[in-house]
Amino acid sequence: MMKTNILLVIMVLTLAGCTYKTADTNRPKGSEIEVTWRNIETMYKGKEQFLSEFEFKNKSKFDLKNKGWAFYFNTIRTILPESNELVQFEHVNGDLYRMLPTEKFLLSASQTIKITFVSEAWVISKTDAPAGGFFVFDGSIAENCPEIKVGNFDSEKQTQRKANDIMPVVTPEVRYKRLAEYGITNLPESELLPLIPKPVSFKYTNGNFILDKNTVIVAEKEFLSEAHFLSQKLKDELNILCLVSEKQTTNENVILIGKSTESFENQETYKLSISQKSIKILAQTPQGAFNGISSLRALISANFYIEKKGKVELKALEILDYPQFEYRGMHLDIARNFQPKESVLKLLDAMAFYKLNKLHLHFCDDEGWRIEINGLPELTAIGSKRAFSLDEKQALLPSFGSGAFAGENSGSGFYTRAEFVEILRFAAERHIEIIPEIDFPGHARAAIVSMRNRYENLLAQGKKQEAEKYLLHDLNDQSAYKSVQGWKDNVVCVAQESVYTFLEHIVSEFAKMYKEADVEFKTVHTGGDEVPKGVWEKSPVCNNFLKNNTNYTKTSDLSKYFITRYNQILQKYNLKTAGWEEIALEKTENGFKPISEFASKGFVPYVWNNVWNGGMEDIAYQLANKDFPVVLCNVTNLYFDLAYEKNPEEPGYYWGAFIDTRAAYEFTPYDVRNCSYTDLFGNKIDPYKMFEGKELLQTDKQKNIIGIQGQLWSENTKSPQMFDYMLFPKLLALAERAWTQPTEWSKIGNTEKRLTLLNKDWNIFANTLGNTELKRLDVLFGSINYRIAPPAAKLENGLLSALSEFPGLEIRYTLDGSEPNSKSALYTFPIKVDSKIVKLKCFSQNARESRCEELNEKSEN
């Protein structure tokens, strides 16, 4: 039996591409080495770099010696060489590093050792910490260590990024000052919005309608699908069973869904009227009728959804409504970290409720391929997994802390064809278009590695022609480059014909899945962003192509050639070509300019890069003014993976901004000068000065802004719970801005006057969230783990004052040093407290809680 086990180990290691070595049993196990990381100092030695340390605690009875092991981990920052004489740090690829011992290293049994090192830029959050640590012994034996512990960020020298970084860490006091400036107060129910997003017009009339089991839904044939959807939702969410009929037999206790006799300019327009006897939803199209149904569901008080008593009372009213934008989208990255099908279905349900109608799915990137493709099993057999395998024969390299083994976390996973067909049908029932992104030519490493394995396997079988059919890289390319995410080999060879054979195969397989789902396939998002400098320069295939081509003669022309070929493939399938703004731009001496000829081809650029004072603030308007149909995806307001606030405990990156719900709400699509207040480091912006020499959106080109989209990149969304946390309640502000007509404050250039009106509207919106919408999210869509903002508070001269970001959430506190729970003292108004320490939390109606905040009374001495 022992011999059999040894043979199995040899087989596994051989399959993994590792050479088997006799294990040294006189060493610690990976699980016996406890690792802690601490940030010591940013702006180390006055430079944009930081000093941090690993602490290794050997909890075994064996020494960890100076050879035979390596410690692997993921980190988003570049570690500077020769940081420590005890170890050597090596960049493997992407965000993966390894630490090797020098001759001077020794970690004795039951002892601790600290390793300091210097890295570029800064870290100011626990999100930035190294993650996914594991040991590899004897070159092949991988063993996870316990999750890397992260030290506290206690001082300013750990959180100040640059000399001009004046943005404070958000404490309860800082948060209180901000909410007070916003004018957050508790509003009566009569002042809340009737629903989100706010309709174009509404007015309450006299009486109430009782919706119960005796109510009948009567729909014209064209709207029967929508009627059955409503019937199912009433049953599932409210315990009300309503029959659906095409024939009207009564004028009382009926929901009528019919075609309007009026002609509407906007095809999504609906009219909703509620009287004592009936509810009427009138529209020209099924989409319009569905919008009316969403509003009807939103008008039902959250308490009815909570109680599910089988009876609902609705106030009589009249609504006329239609959207501002045709495109109201949400982008979801499932490549960096995978999300199960159930999370996507839940998101689609919530999107439909709040009238968002496009889901952009980022299926592939350097770190993962997430969709089954017939004929290319390697894409999921290898490209959907992350694990330790330096030759990557079984899986991609670990990224974002995914660890040594595949299948243990969100680093691995994919949708089967059947699952994607289910997602398509689910979305179509809710009038949501799924837009798949096949991200090329950069961000393509998962596909490149998968197809390299296919090539090597078939070549070994003597099938050279078949092996080369889908090969994505030039075998002899010596180009040296590094992507923003640290990858050295993540760009396909765009002059290699097999790249286009691959893309056509992928597109054709997607087309088959849409056909199976009986859903129209309209658009492919091509990605096209962040192609690093240096690619293709030393590729024999690319250089030979340029030498023999008169239209494309220099390396910088290759991106244009690639998107032209990609577009030709999509045209064969009658598909629109979309992509990040780079697909519509070409480099100039001073930056970028639109490629005008692509506008006539219908290219749809999704514009993300507008970092304040970054120089690209007007790119969206340049493209719209050249008649490109533009989707605004501005990082400064719509990147939902970015942290809600500057606080070391708050998850998320912050490279473009800190994005809370207010940031999405205050977005001004037609003039972004009116939503630019501070830069990344908290310094006030003069937006009119910032736009000097830049293009504004021409009034007659506003029609070319076809919509807006929120983005959720998934580097840090490693669970369904964190997925919800980063999305909600930001998504509700996105829905408000995408649907509702332009506000008065969005057009005002004077900051003080604009903020007066904005703050008033925001207070109404925030109160509506806290009093109705968050309660709804507690029970609908399978319950959503939205972020509960920590309380804003101050303690001055023994007087405790507190605010909730969303009035309606409870604030509870303690005075004895313990953390509050749902039964602790309820804060209602400023109160004198006999304690120098107060701890507070916010609570939802179902007793979920925020992060705990602590106030300490400062000595008056």
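## The largest pocket

The largest pocket has a volume of about 1,300 Å³. On a 1 Å grid over the protein atoms alone, a pocket is an open set of points where a 1.4 Å probe fits, with protein on both sides within 12 Å along at least five of seven lines; lining residues have an atom within 4 Å of a point. Grid points are joined across faces, edges and corners, and the volume is the space filled by probe spheres set on the points. The model is predicted: local features need pLDDT of at least 70 and side-chain atom pairs count only at pLDDT 80 or more, whereas totals for chains, interfaces and linings use all residues. Residues are numbered from 1 along each chain as its sequence is written, and side-chain values use heavy atoms, with hydrogens and water left out.

The lining of the largest pocket comprises 39 residues, and M167, R178, Y182, Y677 and T678 lie nearest its centre. Two or more lining residues come from each of α2 (172–182), α16 (635–638), α17 (661–665) and α21 (751–779); helices (H or I, at least four residues) and strands (E, at least two) are DSSP runs numbered from the N terminus. α2 gives the largest share of this lining, five residues. By residue class, the lining of the largest pocket holds 19 nonpolar, eight polar and 12 charged residues. Here Ala, Val, Leu, Ile, Met, Phe, Trp, Tyr, Cys and Pro count as nonpolar, Asp, Glu, Lys and Arg as charged, and the others, Gly among them, as polar.

## The second largest pocket

The second largest pocket has a volume of about 1,000 Å³. It is lined by 38 residues, of which I76, R77, V484, Q485 and W655 are the closest to its centre. The lining of the second largest pocket is made up of 15 nonpolar, 10 polar and 13 charged residues.

## Salt bridges

Side chains of opposite charge can pair when their charged atoms come close. In the whole structure, 59 salt bridges are found, each being a side-chain nitrogen of Lys or Arg within 4 Å of a carboxyl oxygen of Asp or Glu. One of them joins E48 and K162, with 3.6 Å between the closest N and O atoms. E48 lies in the loop between β1 (33–41) and β2 (49–58) and K162 in the loop between β9 (149–150) and α2, so this pair ties together parts that are 114 residues apart in sequence. E48 is partly exposed at 47% relative accessibility, and K162 is partly exposed at 24% (buried means under 20% relative accessible area, exposed over 50%, partly exposed in between, with a 1.4 Å probe and protein chains only).

Other pairs lie within a single helix. K464 and E468 form a salt bridge with an N to O distance of 2.7 Å; four residues apart in α10 (residues 464–468), K464 and E468 are separated by about one helical turn. In α11 (residues 497–517), K512 and E509 are three residues apart, and their closest N and O atoms are 3.0 Å apart in a salt bridge. K512 is partly exposed at 46% relative accessibility, whereas E509 is buried at 4%. A network of salt bridges links R175, R178, E645, E650, D660, R787, E805, R851 and E853.

## Helix α11

The 21 residues of α11 should span 30 Å at 1.5 Å a residue, and its end C-alpha atoms are 31 Å apart, which agrees; the expected span is 1.5 Å times one less than the number of residues. D518 follows α11 and has a positive phi, near 60°.

In the loop between α7 (378–381) and α8 (417–429) lies S389, which is buried with a relative accessible area of 2%. The side chains of S389 and D391 make a polar contact at 3.0 Å (a pair of N or O atoms within 3.5 Å; within protein, one must be able to donate a hydrogen and the other to accept it, and residues adjacent in sequence count only if both atoms are side-chain atoms). E392 lies in the loop between α7 and α8; its phi is positive, near 55°, and E392 is buried at 3% relative accessibility.

A cis peptide bond joins F440 and P441, with omega about 5°, and P441 lies in the loop between β21 (433–440) and α9 (445–460). H443 is found in the loop between β21 and α9, where phi of H443 is positive, near 55°. A cis peptide bond also joins F728 and P729, with omega about 10°; P729 lies in the loop between α19 (720–727) and α20 (730–739).
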